[in-house]
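Thanks, everyone, for making the time this morning.

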There are 2 protein chains.
Amino acid sequence: MTELEQLIKENRYIRDVLDGPSAIWNSLDFWEQTGQISVIAEKLNSFHYSKVLLTGMGSSLNALYPLYCRLLQHGIQVCHIETSELLNYSNELITEDCLTVIVSQSGESIEIQKLLDNNGLKGLTIGITNTYQSTLYTKSNCSLLTQAGNETSVSCKTYLAALAATTILGDILLKEDSAMTIDALRSAAQEIEKYYVNSKGHIHKLIDLLSETKYLVVTGRGMSIASANTAALVIKESSKFFAEGMSSAAFRHGPFEIILSGLFLVVFSGDRRVYELNKKLVDDVNLCGGKAVLVERGKECDPFIVPEVSDSILPIVEILPAQMLSIALSVLHKHEPGRFDLISKVTLTE
Amino acid sequence: MTELEQLIKENRYIRDVLDGPSAIWNSLDFWEQTGQISVIAEKLNSFHYSKVLLTGMGSSLNALYPLYCRLLQHGIQVCHIETSELLNYSNELITEDCLTVIVSQSGESIEIQKLLDNNGLKGLTIGITNTYQSTLYTKSNCSLLTQAGNETSVSCKTYLAALAATTILGDILLKEDSAMTIDALRSAAQEIEKYYVNSKGHIHKLIDLLSETKYLVVTGRGMSIASANTAALVIKESSKFFAEGMSSAAFRHGPFEIILSGLFLVVFSGDRRVYELNKKLVDDVNLCGGKAVLVERGKECDPFIVPEVSDSILPIVEILPAQMLSIALSVLHKHEPGRFDLISKVTLTE
């Protein structure tokens with residue numbers, strides 16, 4: 001067995017990554033068995049709200065970004081705000097006619113606790129969490145409980161499950177049929193499993209590709225900005241490597257200048273509307289002597305080719321290359337992937 | 001004359017930086033002479049809006065962030081959104097009852113042009129720009145024209161002038177007296193001039209401090225998130241050095257793990273409410289063996305001590321250490337400060 005094969009077999013973070021498809025399947029099964037989706041739909045039917053607040057911290061906040069984009073596109077008054085910032089403004093923002101959606105994998109981050117403890121949330125609160133009986137679970141008006149199982153350190157399988165939950169919540173809020181989404185999520189999980197079968201090859205390719213890289217930027221547009229920000233966060237946490245997420249348009253407005261200083265740019269191609277703009281960014285960076293790759297949907301076996309899913313659940317598969325990058329960069333810089341040296345899984349300091 | 005003295009005298013970016021106080025004074029004088037503030041106040045008095053959109057790209061978008069925080073705190077429906085993203089959603093978001101505030105120093109960024117050309121903006125549009133007769137100036141319903149003069153490359157003096165403009169616009173929107181803000185801005189400009197007198201010493205100190213730094217993170221809370229994001233952008237553009245901005249709370253949720261990998265953390269202490277939280281972050285990073293400094297208000301001569309201004313205009317002075325950092329990092333890595341190698345001043349590709 002090679003060193004990489006052994007790592008893939010034994011490293012706890014990589015095992016959590018590879019558990020992603022099960023996290024989605026188990027959550028979908030659980031929601032069907034317990035009827036949680038219908039409970040939320042009923043609660044929402046009898047509650048008239050004039051605005052929606054979407055809040056969380058880190059990758060939990062990012063998991064709400066695709067929902068934010070979708071609600072915006074439907075002309076709904078919606079605010080996507082870090083819970084820490086919301087704490088400063090909660091008295092003005094959280095009103096009786098407010099629907100607050102809170103995502104926290106642990107359900108115990110210090111900001112979530114403070115928000116739920118101190119302010120006595122008004123309106124209706126929906127919690128999305130991976131932890132039964134957590135503060136978020138017990139203090140929300142209703143919950144969508146994900147079933148990703150225990151996660152060792154960096155958010156990976158819980159992020160996929162949270163994205164599945166926020167997508168279905170979007171269907172409920174917009175009164176669209178969630179059956180199609182559930183089917184699409186089930187097949188996406190299958191495709192994700194196929195992508196992971198080639199993990200060893202993906203990681204090898206990335207190790208070769210990144211040997212001279214000093215800094216990674218990940219960009220996208222629309223919903224894919226969630227993927228860009230989570231990708232950068234996961235890479236920083238798992239491999240202690242410098243990575244930043246931003247919108248592709250923001251990259252044009254200044255950061256483009258840095259492409260010759262050891263930068264590697266990863267661009268999510270996104271939906272049809274923005275595909276050409278994103279592709280042109282990759283081409284322009286490469287033409288100027290920088291290094292950039294496009295993450296696209298397709299069937300080819302390549303770390304940057306993700307499964308062919310519909311636009312609405314694209315963020316679920318976009319995160320795969322970021323996971324592979326986090327492992328490759330760890331191996332390259334001789335760090336045990338996903339090992340936390342300084343922080344704990346649950347953030348307890350504000 | 002030492003090499004650094006010569007650079008300070010001759011470099012065009014540094015000259016633009018040092019012109020910051022004049023940019024504020026000239027803009028204030030111009031607004032008073034032309035009565036632009038009263039014109040906007042009158043327009044707003046006769047227009048009933050139910051929501052506010054704040055939009056721009058890069059540091060122009062950041063210059064709207066303090067106004068976003070202030071309007072949020074007053075319970076006003078407000079959305080802070082990149083113009084590129086707004087383009088995708090404009091049909092749903094920009095309605096007849098919408099007040100749209102657009103900031104663009106050139107008034108000609110491709111996204112601004114597209115937004116104004118293609119969509120025939122509904123409701124009322126206020127443009128804040130440094131360029132007379134630009135697309136933004138001519139196509140808005142009314143404008144606040146800043147008088148920062150020509151800027152060579154990286155946004156510095158135009159950013160200060162834009163912040164002055166958005167602060168005054170906040171007074172108008174909230175029907176507060178802008179006379180006090182104008183006085184506060186005038187004295188802040190004086191204090192900024194005093195800070196710049198010590199530029200050489202500040203830059204020297206920073207060069208020593210940063211010799212082993214590989215990566216910079218700048219954080220803050222509330223309004224200071226504008227400063228964190230602009231600081232990182234300015235450093236990337238001016239010195240081709242890797243820098244990232246985020247909220248201090250977001251830094252706790254994962255990125256903290258990276259502090260032993262050559263990171264230097266700069267934390268804006270912010271207003272009284274968040275001061276202790278920000279100070280504790282700096283202390284915790286230093287206790288764990290990382291390197292962090294706090295940007296505070298005070299009288300001491302130090303690159304990280306900014307003038308004692310009121311909370312409401314704090315972002316105006318917070319950007320000073322970032323400017324000094326951008327020059328120090330350029331000198332340290334033998335790059336001409338603020339020289340653009342790849343992009344142009346005005347972003348014309350989306």
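Predicted model: local features only at pLDDT ≥ 70, side-chain atom pairs only at ≥ 80, totals over all residues.

Let me begin with a question: how exposed is Asp311(B)? Asp311(B) counts as partly exposed, at 26% relative accessibility, where buried means under 20% relative accessible area, exposed over 50%, and partly exposed in between, with a 1.4 Å probe and protein chains only. Residues are numbered from 1 along each chain as its sequence is written, chains are lettered from A and ligands numbered from 1 in the order in which they are written, and side-chain values use heavy atoms, with hydrogens and water left out.

Asp311(B) forms a salt bridge with Arg272(B), the closest N and O atoms being 3.2 Å apart; by salt bridge I mean a side-chain nitrogen of Lys or Arg within 4 Å of a carboxyl oxygen of Asp or Glu. Arg272(B), for its part, is exposed, with a relative accessible area of 68%.

Over all chains, a search of the whole structure finds 44 salt bridges. One of them joins Asp29(A) to Arg186(A), with 3.1 Å between the closest N and O atoms. That pair links distant parts of chain A, 157 residues apart, with Asp29(A) in helix H3 (residues 20-34) and Arg186(A) in helix H11 (residues 178-197); helices here are DSSP runs (H or I, at least four residues) and strands likewise (E, at least two), numbered from the N terminus. Asp29(A) is partly exposed at 30%, and Arg186(A) is partly exposed at 24%.

In chain B, Arg186(B) meets Glu32(B) in a salt bridge at 2.9 Å, N to O. Glu32(B) lies in helix H3 of chain B and Arg186(B) in helix H11 of chain B, so this pair ties together parts that are 154 residues apart in sequence.

Now to the interface. The contact, meaning heavy atoms within 4.5 Å, takes 65 residues from chain B and 65 residues from chain A. Between them the two chains bury about 5,400 Å², 62% of it on carbon and sulfur atoms, buried area being the accessible area (1.4 Å probe) that two parts lose on being put together, summed over both. The count of salt bridges between chain B and chain A is 4, including one between Glu257(A) and Lys240(B), with the closest N and O atoms 2.6 Å apart.
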